[in-house]
Amino acid sequence: MEEKNRTEMQIEEDNLLEQALAALRQFLLNLAGQAGESQEYGEKLWQGIKASEGLLQEFSYYHDYGRFLCKYNVAGYTLADVLVWQVDHFKLYMDRPDEMNRYRQQRLLLAAFETMVGMEKDPAPYVEKMRGETGTDII
């Protein structure tokens, strides 16, 4: 009898996990649409986030609270660090048309997660860019 209760509890936990993942996936797809990105882009990014325990926890926290947890890092960089770099970096493009990220909060958010997915695979190129591309005018 006790074994059956554990099995039922595990099934219930699995169902709740599936529901939570489905809600997070839909949230990401909605963000992608708001950012002007395709569903294919959203699905690809979702697969990258879902495959990473750290990024999944960060995305779940963002979903629930609207801010970064900043617990997970890659090569010493958190999502907030990546977002700050992006905002600073994209200042270089202020003379470009509005399709750039500067006015698109959803796009910047997705780009931060996308960068972290890439950093998990190979952090060196990203770290080099973040250290070298500050967006600051140097005379």
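Two residues are in contact, or touch, when they have heavy atoms within 4.5 Å of each other. What you're looking at is a predicted model, where local features need pLDDT of at least 70 and side-chain atom pairs count only at pLDDT 80 or more, while totals for chains, interfaces and linings use all residues. Residues are numbered from 1 along each chain as its sequence is written, and side-chain values use heavy atoms, with hydrogens and water left out.

Now step back to the whole chain. The protein chain has six helices and zero strands, so reading from the N terminus you get α-α-α-α-α-α, with helices (H or I, at least four residues) and strands (E, at least two) taken as DSSP runs and numbered from the N terminus. Among contacts between residues at least 6 apart in sequence, 59% join residues at least 24 apart. The accessible surface comes to about 9,100 Å², and 51% of that belongs to carbon and sulfur atoms; areas come from the Shrake-Rupley method with a 1.4 Å probe, and for residues only the protein chains shown count as cover.

On to the inside. Of the 139 residues in the protein chain, 33% are buried, where buried means under 20% relative accessible area, exposed means over 50%, and partly exposed is in between (1.4 Å probe, protein chains only). A nonpolar core is a set of buried Ala, Val, Leu, Ile, Met, Phe, Trp, Tyr and Cys residues joined through side-chain atoms within 4.5 Å. The largest one has 28 residues, and Leu45, Ile49, Phe59, Leu110, Phe113 and Met119 touch the most other members. Two or more residues each come from α1 (2-34), α2 (39-50), α3 (53-65), α4 (79-90), α5 (105-121) and α6 (123-132). Of these, α5 gives the most, seven residues.

Helix α5 turns up again at the largest pocket, where its five residues are the largest share of the lining. On a 1 Å grid over the protein atoms alone, a pocket is an open set of points where a 1.4 Å probe fits, with protein on both sides within 12 Å along at least five of seven lines; lining residues have an atom within 4 Å of a point. About 270 Å³ of space lies in this pocket, a volume being the space filled by probe spheres set on grid points joined across faces, edges and corners. Its lining includes Tyr41, Trp85, Glu114, Lys121 and Lys129, and α2, α5 and α6 each supply at least two lining residues.

Thr115 is one of the lining residues and lies in helix α5. Is Thr115 buried or exposed? Thr115 is buried, because its relative accessible area is 10%. Leaving aside neighbours within four places in sequence, Thr115 is in contact with Val82, Gln86 and Tyr126.

Finally, have a look at the loop between α3 and α4, where you'll find Cys70 and Ala75. Most residues other than glycine have a negative phi. Cys70, though, has a positive phi near 60°, and Ala75 has a positive phi of about 55°. Cys70 counts as partly exposed because its relative accessibility is 32%, and Ala75 is partly exposed too, with a relative accessible area of 47%.
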